[in-house]
Amino acid sequence: MVCLGNICRSPLAQGIMWNKIAEANLDWEVDSAGTNHYQTGEPPHHLSQKVALQNGIDICDQCCRQFVREDMLRFDKIYVMDRENYQQVKKISGNLWDESKVSLLLNEVEPGKNKSVPDPWYGQERDYHDVYKMIDEACSRIVERYAE
Ligand code: 4NP
């Protein structure tokens, strides 16, 4: 799960996906990263933590990291929150770039629409709730699609 800062959206996506993986008893691994390094080492944004907890998910132990090109080899699927993330992942991955692995997360809900999970960084708590709902729906679709 990849966003810009690995502070607001992708930590939520990691926590939500982790929860669904546990509920469905799947042996999947999930992680998150940001395309920049400005918040490396920090915990998720306090509003991401708060909204996750209100939904029964604890993400406070997560730690920000930057996406590295080896992630392209380490993971089978890489979900990005917006088109800018997509371009940055492509740039960082260099010759390890594998287009077939990378998708916009919301294309799981509305295929081909190329919609973004909006960045809530400058927003209010309600924006984090909106982001939570979007990510939650997309993660449910991923489990439906790939779990057998
Ligand atoms: P995120 O949000 O990509 O959802 O983690 C942001 C976090 C930090 C910044 C922008 C967006 N920033 O400009 O530092």
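These notes cover the aromatic pairs, the pockets and the cysteines of a predicted model.

1. **Where W121 sits.** W121 belongs to the loop between β4 (102-104) and α5 (125-146). Its relative accessible area is 35%, so W121 is partly exposed. Leaving aside residues up to four places away in sequence, W121 touches I7, C8, Q39, H45 and Y128.

2. C8 is one of the contacts of W121. The two residues are 113 apart along the chain, yet their C-alpha atoms are separated by 6.8 Å.

3. **Aromatic pairs.** How many aromatic pairs are there? The count comes to 2. One is formed by Y86 and W97, with 5.3 Å centre to centre and 85 degrees between the planes. That geometry is edge-to-face. Y86 lies in helix α4 (residues 83-93), and W97 lies in the loop between α4 and β4. The two are 11 residues apart, and the pair links distant parts of the chain. Are Y86 and W97 buried or exposed? Both Y86 and W97 are buried.

4. **The W121 and Y122 pair.** The ring centres of W121 and Y122 are 6.5 Å apart. The cut-off for pairing is centres within 6.5 Å. The planes of W121 and Y122 stand at 80 degrees, so this pair is edge-to-face as well. Planes over 60 degrees apart count as edge-to-face. The surroundings deserve a look too. Y122 counts as exposed because its relative accessibility is 77%, while W121 is partly exposed at 35%.

5. **The largest pocket.** The volume of the largest pocket is about 460 Å³. Its lining holds 21 residues, and E29, V30, F75, D76 and K77 lie nearest the centre. Which elements give two or more residues to this lining? They are α1 (9-23), α3 (71-74), β3 (78-80) and α5. By class, the lining of the largest pocket has 13 nonpolar, 7 charged and 1 polar residues.

6. **The second largest pocket.** About 160 Å³ of space lies here. The lining of the second largest pocket includes C3, L4, G5, I7, C8 and R9. N36, Q39 and D119 also line this pocket, as do W121 and Y122. The W121 and Y122 rings are the edge-to-face pair of point 4. I7, C8 and Q39 line this pocket and are also contacts of W121. The lining of the second largest pocket divides into 6 nonpolar, 3 polar and 2 charged residues.

7. A search of the whole structure finds 0 disulfides. The cut-off for a disulfide is 2.5 Å between the sulfur atoms. C3 counts as buried because its relative accessibility is 2%. Both C3 and C8 line the second largest pocket. For C63, the closest cysteine sulfur is in C64, and at 6.9 Å it is too far for a bond.

8. **C64 and its contacts.** C64 is found in the loop between α2 (46-54) and α3. At 4% relative accessibility, C64 counts as buried. Not counting residues up to four places away in sequence, C64 touches G5, N6, I7, Q39, T40, G41 and E42. C64 and E125 are 61 residues apart in sequence, with 20 Å between their C-alpha atoms.

Notes:
Residues are numbered from 1 along each chain as its sequence is written. This is a predicted model: local features need pLDDT of at least 70, side-chain atom pairs count only at pLDDT 80 or more; totals for chains, interfaces and linings use all residues. Side-chain values use heavy atoms; hydrogens and water are left out. Helices (H or I, at least four residues) and strands (E, at least two) are DSSP runs, numbered from the N terminus. Buried means under 20% relative accessible area, exposed over 50%, partly exposed in between (1.4 Å probe, protein chains only). Contact means heavy atoms within 4.5 Å. Rings of Phe, Tyr and Trp (its six-membered ring) pair if their centres lie within 6.5 Å; planes under 30 degrees apart count as stacked, over 60 as edge-to-face and the rest as tilted. On a 1 Å grid over the protein atoms alone, a cavity is a set of points where a 1.4 Å probe fits but cannot get out, and a pocket is an open set with protein on both sides within 12 Å along at least five of seven lines; lining residues have an atom within 4 Å of a point. Grid points are joined across faces, edges and corners, and a volume is the space filled by probe spheres set on the points. Ala, Val, Leu, Ile, Met, Phe, Trp, Tyr, Cys and Pro count as nonpolar, Asp, Glu, Lys and Arg as charged, and the others, Gly among them, as polar.
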